[in-house]
Amino acid sequence: MSGIFRFSGDEDFFLGGSSMYLSPGSCPSVYFPAKKRLRIAAPSVFSGFEEKQTSIDVLPDECLFEILRRLPSGEERSACACVSKHWLNLLSSITRSEVNESVQDVEGEGFLSRSLEGKKATDLRLAAIAVGTSSRGGLGKLQIRGSGFDSKVTDAGLGAVAHGCPSLRVLSLWNLPAVSDMGLSEIARSCPMIEKLDLSRCPGITDNGLVAIAENCVNLSDLTIDSCSGVGNEGLRAIARRCINLRSISIRSCPRIGDQGVAFLLAQAGSYLTKVKLQMLNISGLSLAVIGHYGAAVTDLVLHGLQGVNEKGFWVMGNAKGLKKLKSLSVMSCRGMTDVGLEAVGNGCPDLKHVSLNKCLLVSGKGLVALAKSALSLESLKLEECHRINQFGVMGFLMNCGSKLKAFSLANCLGISDFNSESSLPSPSCSSLRSLSIRCCPGFGDASLTFLGNFCHQLQDVELCGLNGVTDAGVRELLQSNNVGLVKVNLSGCINVSDNTVSAISVCHGRTLESLNLDGCKNITDASLVTVAKNCYSVNDLDISNTLVSDHGIKALASSPNHLNLQVLSVGGCSAITDKSKACIQKLGRTLLGLNIQRCGRISSSTVDTLLENLWRCDILY
């Protein structure tokens with residue numbers, strides 16, 4: 001072995017035979033470079049020694065935890081979280097109290113928001129968010145959308161958020177079957193600043209989870225519970241007792257919640273609750289009676305799919321006279337909403353401004369007239385799929401409504417039929433109505449528009465959609481007596497409307513018109529675009545999809561003397577528009593923010609590529 005190391009730094013070593021060996025003294029005229037020490041790997045020499053692991057990972061988790069929790073909460077901790085999943089999990093388990101930081105330190109934090117959806121929603125990502133946001137202002141809003149039974153979010157992920165995000169104020173948990181009361185309780189204990197909580201399709205959460213929220217999150221102001229089969233009446237009672245800052249409550253499709261929970265909540269919190277939303281619950285008229293008596297602060301009330309509520313429930317709610325501040329009422333698919341109930345609501349809610357009735361099959365024109373006479377502050381009425389309402393009910397409502405009505409909407413009401421053109425109709429004046437919407441009412445025709453034209457002289461927003469019985473004559477009768485400028489006109493699906501209507505609108509209202517929708521009006525040709533280009537100064541949204549418009553019409557728009565400031569142009573389904581319109585579209589594209597050229601079969605892919613390249617700030621559908 002000594003022979004192996006007989007060479008020192010002062011000796012020479014050369015490969016080859018002895019004849020090639022030269023010493024410095026033997027050849028003084030020859031230059032010898034500096035000699036290097038020969039390094040020989042000889043593992044057998046150290047065969048008696050064992051190689052030992054020097055990684056910090058050999059430390060027990062308890063020791064590593066103590067090291068990591070002493071790191072300052074900032075970039076150092078985030079950097080350590082990138083080392084391994086093991087370190088990330090340990091860091092995410094460190095609570096604020098374990099690093100000697102109080103809740104008061106985070107009152108000014110919570111500026112960041114994060115959202116995880118589908119496969120991206122996992123416990124590991126939640127742990128990374130919890131550690132990473134702590135040094136960047138603190139997490140204030142978190143939204144998690146799971147993927148049902150394939151969801152990878154469990155209580156461990158919520159625990160990591162709870163430990164690392166004490167500044168959390170808004171939390172939404174959707175479709176997370178693996179989350180239970182344990183995870184929600186961790187959030188409640190560690191995130192006392194929660195103000196808004198949304199629980200949707202979380203079957204593992206029960207009353208115990210809501211009790212934990214009620215006991216720890218006194219700042220809770222907005223609560224949504226949707227399709228949580230484990231939540232019952234006791235959870236609502238706990239919320240009612242402890243959450244005195246609650247302002248909005250929404251409950252939907254929770255089979256274990258009944259009158260006991262809802263009535264207790266409304267009786268306890270009615271003096272400060274402003275928004276109440278009850279959908280598809282097993283409650284009766286008792287709950288509505290409690291709302292009517294104790295809902296002194298309620299301004300917005302939504303009642304959808306309450307099959308157990310009868311006419312008496314709505315009658316008592318209105319006649320209780322407790323909803324003095326109610327401004328907005330939306331009722332959908334409630335068999336108990338009848339003419340009697342609607343009249344009672346109108347009488348009992350003096351400040352009612354907005355009413356929406358959807359699929360209320362027992363409401364007729366009689367109820368509408370009673371509402372018009374009682375609700376003197378009413379500003380808007382929306383009726384959809386209320387088939388017992390006929391044209392005389394609509395006429396009676398408009399004739400008796402107060403002077404504050406601004407918007408009237410009618411959609412899919414099959415009981416509407418056109419007036420007899422020979423009948424004599426009253427012609428009162430309504431100076432307050434600004435918005436009129438009639439959609440998909442097959443019996444609505446020109447005679448009805450003539451009546452409305454004699455009645456409504458201040459319209460600015462007109463929507464007539466899917467009305468096959470409406471022609472140019474009816475639209476002209478509606479608009480000719482209008483003495484203020486129209487701003488928005490939507491005639492989509494009116495197949496019997498032609499260029500004459502567009503000409504009348506553009507000539508009479510061209511200076512104020514901003515939006516014109518002619519989608520599906522099959523008789524519209526280039527003549528309409530010529531008159532729009534000539535007379536309209538302010539139009540910025542134009543939809544001529546599925547019409548007979550061709551390249552000539554697009555050219556007319558591009559060469560408008562009024563320098564149109566179009567921001568949205570839709571020509572989808574216009575088969576007569578070809579590549580020849582490319583230059584004109586590019587010219588219009590100087591101001592365009594949205595362009596729809598879908599189903600334009602004669603526009604080639606090369607033209608589309610050119611438009612995409614040149615109109616870089618425009619969102620193009622192709």
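A disulfide is a pair of cysteine sulfur atoms within 2.5 Å. By that cut-off, the structure holds zero disulfides. This is a predicted model, in which local features need pLDDT of at least 70 and side-chain atom pairs count only at pLDDT 80 or more, while totals for chains, interfaces and linings use all residues. Residues are numbered from 1 along each chain as its sequence is written, and side-chain values use heavy atoms, with hydrogens and water left out.

**Overall make-up**

- The protein has 21 helices and 20 strands. Both are DSSP runs numbered from the N terminus: helices are H or I with at least four residues, strands are E with at least two.
- Of the 622 residues, 51% count as buried. Buried means under 20% relative accessible area, exposed means over 50%, and partly exposed lies in between (1.4 Å probe, protein chains only).
- The exposed surface comes to about 29100 Å², and carbon and sulfur atoms supply 52% of it. Accessible areas come from the Shrake-Rupley method with a 1.4 Å probe; for residues, only the protein chains shown count as cover.
- Contact means heavy atoms within 4.5 Å. Among contacts with a separation of 6 or more, 82% join residues 24 or more positions apart.

- Helix α19 spans residues 551–558, and six of its eight residues are buried, so the rest of the structure largely encloses it.
- The buried residues of α19 are D551, G553, I554, A556, L557 and A558.
- S581 sits in the loop between β18 and α20. Its relative accessibility is 1%, so S581 counts as buried.
- Leaving aside neighbours within four places in sequence, S581 is in contact with D551 and I554. Both of these residues are on the buried list of α19.

- In α9, the buried residues are D259, G261, V262, A263, L265, L266 and A269.
- Their cover includes α8 (233–242), β6, β7 (275–279) and α10 (285–294).
- R256 lies in the loop between β6 and α9 (259–269). With a relative accessible area of 47%, R256 is partly exposed.
- R256 and G230 are 26 residues apart along the chain, and their C-alpha atoms are separated by 7.1 Å.
- Not counting residues up to four places away in sequence, R256 touches D207, S229, G230, V231, G232 and N233.

**Salt bridges**

- A salt bridge is a side-chain nitrogen of Lys or Arg within 4 Å of a carboxyl oxygen of Asp or Glu. The count comes to eight.
- R189 and E186 form one of them, at 3.2 Å from N to O. The two are three residues apart in helix α6 (residues 181–190), so about one helical turn separates them.
- An α-helix has 3.6 residues a turn, so residues three or four places apart point the same way.
- E186 is partly exposed, at 23% relative accessibility.
- D226 forms a salt bridge with R252, with the closest N and O atoms 3.3 Å apart. This pair links distant parts of the chain: D226 is in strand β5 (residues 222–226), R252 is in strand β6 (residues 248–252), and they are 26 residues apart.
- D226 counts as buried at 17% relative accessibility, whereas R252 is partly exposed at 29%.
- K353 and D351 meet in a salt bridge at 3.6 Å, N to O. Salt bridges with shared partners join K327, D351, K353 and E379 into one network.
- K353 counts as buried at 18% relative accessibility; D351 counts as partly exposed at 21%.

**Aromatic rings and cysteines**

- R511 lies over the face of Y537, at 4.7 Å from the ring centre. The criterion for a charge over a ring is NZ of Lys or CZ of Arg within 6 Å of the ring centre and within 35 degrees of the ring normal.
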